Amino acid sequence: MMICICMLPYFKKLIPLFLASLLVFSRVSARFVVEKNSIRVLSPLSLRTKHDGAIGNFGIPDYGGFIVGSVVYPDKGANGCEPFDGVPFKSKFPRPSVLLLDRGDCYFALKAWHGQQAGAAAVLVADSIDEPLITMDSPEESSDANEYVEKIGIPSALIEKSFGDSLKEALKKNEDVVVKLDWSESMPHPDQRVEYELWTNSNDECGVRCDEQMNFVKNFKGNAQILEKWGYTLFTPHYITWYCPRAFVSSSQCKSQCINHGRYCAPDPEQDFAEGYQGKEVVFENLRQLCVHRVANESKRSWIWWDYVTDFHIRCSMKDKRYSKECAEDVMRSLDLPVEKIKKCMGDPEADVENEVLKTEQELQVGRGSRGDVTILPTLVINNVQYRGKLDRTAVLKAICAGFKETTEPPVCLSADLETNECLERNGGCWQDKQANITACKDTFRGRVCECPTVKGVQYQGDGYVTCEAFGPARCTINNGGCWSETINGLTFSACSETQLRGCHCPQGFRGDGQKCEDINECKEGSVCRCDGCSCKNTWGAYECKCKGDLLYIREQDSCIVISCFTSKLTTMESLNLRLREKWITLWVVPHLLGPGSCDSCWLSWVYILQI
């Protein structure tokens, strides 16, 4: 059954439409989905379990976040129907207070309001009977309720009777009952785009609910248009309609409230058929606003809908007696919208035929998938889940931000007004290279994630918490690939090699794990310069070995050779190249040109790097 809760007073006078609302969903089984959050008991150990809570449709649920607090249960006035006098509720420990109340005797919203006034961070209402969870809705419009409903700023949830009883029993034993109210999974977040829709109404004379939705549209317009223009979101407006059964189509009530021969109707704005605006004028303007969005979307300007609806409300208000077709067309022209194209989209309201646009709206009111039937006006649906709570700009933006996959949120979601950057405190517990100012901590709306980064085309690999290692041919360009490197007297050695895709290895002349390398004292270890009469001196990353007399030290052979025997024959050599190279010279010796018998040992010469 389709009943718009906020307009129940209308139905007392609108019997035909009420009957239609019963029939409109007679073809299908009506489905009402209770949106839930998770409630986990952290202490005491005997109660450490996880439960569901039905999110209240007032206040501000912390979509994407959580609250950890100590449960408190009042000694008197446990139904929360009267204000709590005296000291605000505080737990024995430095945690927020989660107030547990009993169902019954007054509105759910009033309980939450009294809990908020008493200092509670959240309110749990324990059911009084064993039954499936239901949604705690705002009360019907009344001067008393209107004074506090819009002021509620804390989250609330209905819990099952058995769960409430177990919490009360533990509190009677003076145990510290700690719970975690978690909304992080209350909003699906499958990818980098959020799809959301607003079920609304162009009528601005339906009381507090109409004022609420129009204030939301005006306040949220800027955020909505930015998100839409940059492709972060896909927004679609919707409008609830009713219809008259055939037996009532010819009645004056249906004629004044419906178009297309009773197929699409709206309640009389003033609830008085004798004066003021008629319901069919509301249906026609709803249709116009739907077509504004359709036509604007075809020209890639779908966000113009927000401008049109805001300007129409300001310039064409029912309260100012300017709610008309003429005023609407003036608004469209001022926004450079194609009036004739929109008229064509709207069709003929007097024709006895289906209107394709409005028929689609009626079909979409029926819940599909994870979304239940639309029964509350206004209703916000985000990623096919009905939003619960106050239509507040910041609260709705948080809920939308909770719908993005982690690390894909737009910048507006990471502002200080919406979330706390956990990476600013202890780097979020993630891996960090302080020297290179590189971190695996990524701030997201739902909290930080530890994920090895990509920096200047260099991919880091690891668990993101303890290790992240640079990988690839360019890794040595960023902080030497995280490997050891040191320079002494202008001479630099590094454990990072461009020929290796990963890992750190100490260069020749050093030993260590690649993160730390120490110079090897080859002379002290006696592994080099072992020739007779040679003297060894250790240097940074190498060593110097000198032979006695005029002998020349050959490093590769760790031996000395006679060089004087061919120094007089240098002019007969094809090539003798002596060049300085980091305190070494390169000597090419071509012995066969020196002549036979010129030197008995010269034929032993080869291509050597000689130390000087």
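## Helix H8

Helix H8 is for the most part covered, with 14 of its 20 residues buried, in what is a predicted model. The end C-alpha atoms of H8 lie 29 Å apart, which agrees with the 28 Å that its 20 residues should span at 1.5 Å a residue. Just after H8, Lys300 adopts a positive phi of about 60°.

In soluble globular proteins, nonpolar side chains tend to be buried together. Here the largest nonpolar core comprises 82 residues, and those with the most contacts inside it are Tyr196, Phe220, Tyr308, Leu337, Ile382, Tyr387 and Ile400. Helix H8, which covers residues 279-298, gives the most to this core, contributing eight residues. Because domain 1 (36-183) and domain 2 (194-413) both give residues to this core, it lies between them.

## The surroundings of Tyr387

Tyr387 is among the residues with the most contacts inside the largest core. When its neighbours within four places in sequence are left aside, Tyr387 is in contact with Asn57, Tyr63, Leu380, Val381, Ile382, Ala395, Val396 and Ala399.

## Helix H10 and its packing

Which residues of helix H10 are buried? In this helix, made up of residues 325-334, they are Cys327, Ala328, Glu329, Val331 and Met332. The buried residues of H10 pack against H8, against helix H9 (304-315) and against helix H11 (339-346). H10 is followed by Asp336, which has a positive phi near 60°.

Key
Residues numbered from 1 in each chain as written. Predicted model: local features only at pLDDT ≥ 70, side-chain atom pairs only at ≥ 80, totals over all residues. Heavy atoms only, no water. Core = buried A, V, L, I, M, F, W, Y, C linked by side-chain atoms within 4.5 Å. Buried < 20%, exposed > 50% of the residue type's maximum accessible area, 1.4 Å probe, protein only. Helix = DSSP H or I, 4+ residues; strand = E, 2+ residues; numbered from the N terminus. Domains from an automatic or database assignment. Contact = heavy atoms within 4.5 Å. Expected span 1.5 Å × (residues − 1).
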